[in-house]
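Trainee: Please walk me through one part of this structure closely, starting from a helix. I would like to see how its two sides are arranged, and then how such a part sits in its surroundings.

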Amino acid sequence: MKTTKNEWNEGYEDIEIIDFDDIEDNAAAPASKSPKGSKDQKKDRPFSALRLYLTGIISGILIVTLVLLIFDFLNIHPFSRTKAADAIYDLTGVMEGYIDKYYWKSDTSDEDFAAMAARGMVAALGDPYSAYFTNDEMTTVKERNDGDYAGIGISIGYDENIKSNVITNVSPDSPGAKAGLEPGDIIVEIDGTDVTASTTDDIVAMVRGKAGIEHTIGVLREMHAASGSAVSGSIVASEAGITIVTGPSAVTGASDDVSYRKLYLTVVTDNIINKSIYYQMLKDNIGYIHITNFDRETPNQFREAITELEKQEVKAIIFDVRNNGGGVLSAVLSVLDRILPEGTVLTETFKDKKNTVYRSTDDETLNLPLCVLMNSHSASAAEVFSGVLKDRLDIQLIGENSYGKGVVQSVYRLPNDMGGIKLTTGEYLLPSGESINGKGLAPDIAVTSPEDKAEYGTNSDEPLIRALETMQRATR
C-alpha cells in the first residue's frame, strides 16, 4: 500500500491519499506437488484444468448475477453500509426513473447529478460552514488559503442575522475594489444567476479560476437615512445599473426601515497575490497594522511590518481586524507566536479524538502596549487573534461585538477524484477556556465604525481615534 501526504495548510486536517491500485496479493497459494503419471495424462491435464477453470468462472458469474437480480427484485441492498445509504439509494433510483421518463431535456450529466446529490446531503446537516467541493472547487479552496489565486480580491462571509452572503473585506487595488464592491455588500446575483440560496463556497467558486474572465455581480448595499436617499416602496428606481430596494422584503431578517440599493457591477478576474497586512506609523510613534485576513502569506508580511515599525522606534501598536472574515488557523497561530511569550494559545475540541492544544514559543515576543480594533464582521481567525491577546495580555478591545464564529472546519479529499468535503469538526476555546461561537467578543470600549468604509483611517474613524488615545495614555 502506498500512502502519500497531501500538502495542505496546517489549519486543515492533513489528508492521506491511499493508492489502492498498488496493493499486491501476497497470499498466493503455494505450488503443490502432483503424483507422477503417464505422458498422455500429463498432456491432457492442462486442457482439463483449463476447462474446469473456465466452467467455474462462468458458473460463478451466473450465480452472482442471479442472486443480485433476486435482491434487486426484492428491493434488498446487501452491500449498503447504513440505513442512510439505503434511503439515498432508493430515493435517487426512483427520482432518476421519473427524470428519465418525464423531464423534457436530457442535457444534465451524471457527474452533475452526483455533485448536486452530494451538495444536498451536506446541506441536510443545516450547517452553513460545511460544503461539498468538486475537483475544480478543491483547487480554488487551496488557492484561497495559499493567498495566491486568480479571482477578484474579496472575502465573503455568511451573516446569520440576515441569512445572506456578505462581502467582509475588499483588498485595496484588487479587481473587486476597482469595480466598486464594498464590505457589507450583500451578494445576490452573479452573471444573471440568483445566488441568494447558494453557499459561500459556491459563490467563491463562481468568481475564481482563470484570469481575464468578466463577471457581472449584483449586490444589495444598505442606504443610510442620514444621506436622505432612502425612499419608501419595494422597488422605486432603476437607472444607471442601480435599483432601490426597501422594506422587509429586501433582505430576510433586516429591519423594516432598512433600505437597499441594488447595484450591478462588472469585475474582471486577475492573478492575485493576496496582501493581507498594511501598516504605517501614526503620531507619537504609535504603530498601526491592518490585518485584512489570515492566509499563508500573512505571517511573513506581519513579521516584515513589525521589523519596519521597530526600525522607526515604535512605542505601541494598534491592530485592526475590522471586516477580517478569518482564514487559516496556522496563519493566525504563527502571527500570535510572534507577539506572545510561551504559553497556551488555543484549544481545539473534537467529536471522537483528544483535544489539540496549541502553544506559543518564547522565541520572539512583542513587549509593547497593544490594542485591537474589531467590528461585527471580525470573524473566526480574527476573533481568535483578538480573544487570545485579550486573555493572555489583557489588552483593550475597541469597537463592536465581533461576529461569533468559533468552530473548526476540516477539508478532506475524497477518493477516486470524487472531489472533497468541508465539515465542521470541532470548536475553538480561548486560553481561558471560553468559547466565542454564537456570541463573539464584547469590546472593552464600545464605539461604532463609520458606515462609509472610505472613512476608515480618517479623522471620521472614531474607533481608530479612541484606540490612538488609549495607546497614547499607555505610553506616557
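Mentor: Let's start with helix 3, residues 110-123, and keep in mind that this is a predicted model. Helix 3 has 14 residues, and the distance from its first C-alpha to its last is 20 Å, close to the 20 Å expected at 1.5 Å a residue. Now look at which of its residues are covered: Ala 115, Arg 119 and Val 122 are buried. Viewed down the axis of helix 3, these buried residues fall within an arc of 65°, so they line one face of the helix. On the face turned away from that buried side you will find the exposed residues Asp 110 and Met 121.

Just after helix 7, Glu 313 takes a positive phi of about 60°, and Glu 313 is not a glycine. Most residues other than glycine have a negative phi. Glu 313 lies in the loop between helix 7 and strand 16, and with a relative accessible area of 59% it is exposed. Asp 173 sits in the loop between strand 6 (164-170) and helix 5 (175-179), and its relative accessibility of 68% counts as exposed.

The largest nonpolar core has 40 residues, and the members that touch the most others are Ile 289, Phe 319 and Phe 385. Two or more residues each come from strand 15 (286-291), helix 7 (298-311), strand 16 (316-320), helix 8 (329-339), strand 17 (343-350), strand 19 (370-374) and helix 9 (381-393). Helix 8 gives the largest share, 7 residues. If you leave out residues up to four places away in sequence, Phe 319 touches Ile 289, Phe 302, Ile 339, Leu 366, Leu 370, Cys 371, Val 372, Leu 373, Phe 385 and Leu 389. Apart from this core lies another, of 18 residues, among them Ile 167, Ile 187, Ile 217 and Val 219.

A search of the whole structure finds 4 aromatic pairs. In one of them, Tyr 98 and Tyr 102 have ring centres 5.9 Å apart and planes at 35°, so the pair is tilted. These two tyrosines are 4 residues apart in helix 2 (residues 83-102), about one helical turn. Tyr 98 is exposed at a relative accessible area of 55%, and Tyr 102 is exposed at 56%. Phe 294 and Phe 385 also form a pair, with ring centres 5.9 Å apart and planes at 45°, so this pair is tilted. It links distant parts of the chain, 91 residues apart: Phe 294 is in the loop between strand 15 and helix 7, while Phe 385 is in helix 9. Ring pairs join Phe 294, Phe 302, Phe 319 and Phe 385 into a cluster.

Finally, step back to the whole chain. It has 10 helices and 23 strands, and 42% of its 476 residues are buried. Among contacts between residues at least 6 apart in sequence, 66% join residues at least 24 apart. The accessible surface comes to about 26,700 Å², and carbon and sulfur atoms account for 52% of it.

Key
Residues are numbered from 1 along each chain as its sequence is written. This is a predicted model: local features need pLDDT of at least 70, side-chain atom pairs count only at pLDDT 80 or more; totals for chains, interfaces and linings use all residues. Side-chain values use heavy atoms; hydrogens and water are left out. A nonpolar core is a set of buried Ala, Val, Leu, Ile, Met, Phe, Trp, Tyr and Cys residues joined through side-chain atoms within 4.5 Å. Buried means under 20% relative accessible area, exposed over 50%, partly exposed in between (1.4 Å probe, protein chains only). Contact means heavy atoms within 4.5 Å. The expected span of a helix is 1.5 Å times one less than its number of residues. The arc is that of the directions from the helix axis to the C-beta atoms. Accessible areas come from the Shrake-Rupley method with a 1.4 Å probe; for residues, only the protein chains shown count as cover. Rings of Phe, Tyr and Trp (its six-membered ring) pair if their centres lie within 6.5 Å; planes under 30 degrees apart count as stacked, over 60 as edge-to-face and the rest as tilted.
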